[in-house]
Amino acid sequence: MNRNRALRMGVVLVAAAIVVLTLPRCKPIGRLAVKVLDEAPAPVTGALKAQFNGMDENRTQLEVQLVPVLEGQKQLTDLQPIPGEPGHYALLSKPGKAYTTDLAGEPAPFFEVDVVTVSEQGLLGLAFHPNYAVNGRFFTNTIPAGVSPEVTRIAEWVRDDSGVRQVSVVLDVEQPYQNHNAGQLAFGPDGMLYIGLGDGGLRDDPFGHGQDGTTLLGSMLRVDVDNVPEGKSYGVPADNPFVD
């Protein structure tokens, strides 16, 4: 073999080996992979100054500082003020545990639910009923464990003198993949429960859910949880433009 050609081939092989060796370590999970961090991120101390990048660098900027108010909690997915309890909040964690806190002391257990935690799954969202201070009702968005095929589950809970318990399943939506499950819930000024659903996952929305009006994935749903017809788990608002 020509010496120069052999030398070039050796350089290519060494470069290829370097590329392979310097790729971030990934741990396969189901159909996806997550990056494994070599070391924990540095702890946050003191206020953080906001950073403005890209086009925002040339726009009018507000002096904003981000001030840590709670530390030590891992994989938080939602934080909601508790109606009727000024200064108290509900904290949700991806593995299925929820806490209450006043941001000053140690968080106290609120409730726990068994969930799948692969990729972007878990305990993802919570919304307190507008009349929670009286009726104790709230709703969660989870990927529950033990359900096949996997689903996004919207469930109703009640908190009263006897404790906290799940009382019904409002809606199950099948999820084809383990990411893009979204998860946020909120009550609107109309008293309806709004449910944000991702396109279902993988990448580039392979099934076109975002542009398909016949699927619930890739949609913002609005349901009535106060006026529920007999035999149903939720009501359809009368002014829903897609009701027919």
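Biologist: Where does Leu-62 lie?
Modeller: Leu-62 sits in the loop that links strand 3 (48-49) to strand 4 (65-66). Keep in mind that this is a predicted model.

Biologist: Is Leu-62 buried or exposed?
Modeller: Exposed: the relative accessible area of Leu-62 is 64%, and the cut-off for calling a residue exposed is over 50%.

Biologist: And which residues form a nonpolar patch on the surface?
Modeller: That patch is made of Leu-48, Leu-62, Val-64 and Leu-66. Together they have about 360 Å² of accessible area.

Biologist: Let's change topic. What is the strand order in the open sheet of 4 strands?
Modeller: The order is 9-10-11-12, and the pairing is antiparallel. Strand 9 (123-128) and strand 12 (163-174) are the edge strands, each pairing on one side only. On average, neighbouring strands of this sheet are turned by 20 degrees against each other, direction ignored.

Biologist: How many bridges are there between strand 9 and strand 10?
Modeller: There are 5 bridges, and strand 10 covers residues 137-142.

Biologist: Which residue in strand 10 stands opposite Leu-123?
Modeller: That would be Thr-142.

Methods: Residues numbered from 1 in each chain as written. Predicted model: local features only at pLDDT ≥ 70, side-chain atom pairs only at ≥ 80, totals over all residues. Heavy atoms only, no water. Patch = residues over 30% accessible without salt bridge, like charges linked within 9 Å, V, L, I, M, F, W, Y side chains within 5 Å. Areas by Shrake-Rupley, 256 points an atom, 1.4 Å probe, with all protein chains shown as cover. Salt bridge = Lys/Arg side-chain N within 4 Å of Asp/Glu carboxyl O. Helix = DSSP H or I, 4+ residues; strand = E, 2+ residues; numbered from the N terminus. Buried < 20%, exposed > 50% of the residue type's maximum accessible area, 1.4 Å probe, protein only. Pairing = 2+ DSSP bridges. Axes fitted to C-alpha atoms, helices over the stretch in contact; angles between N-to-C directions.
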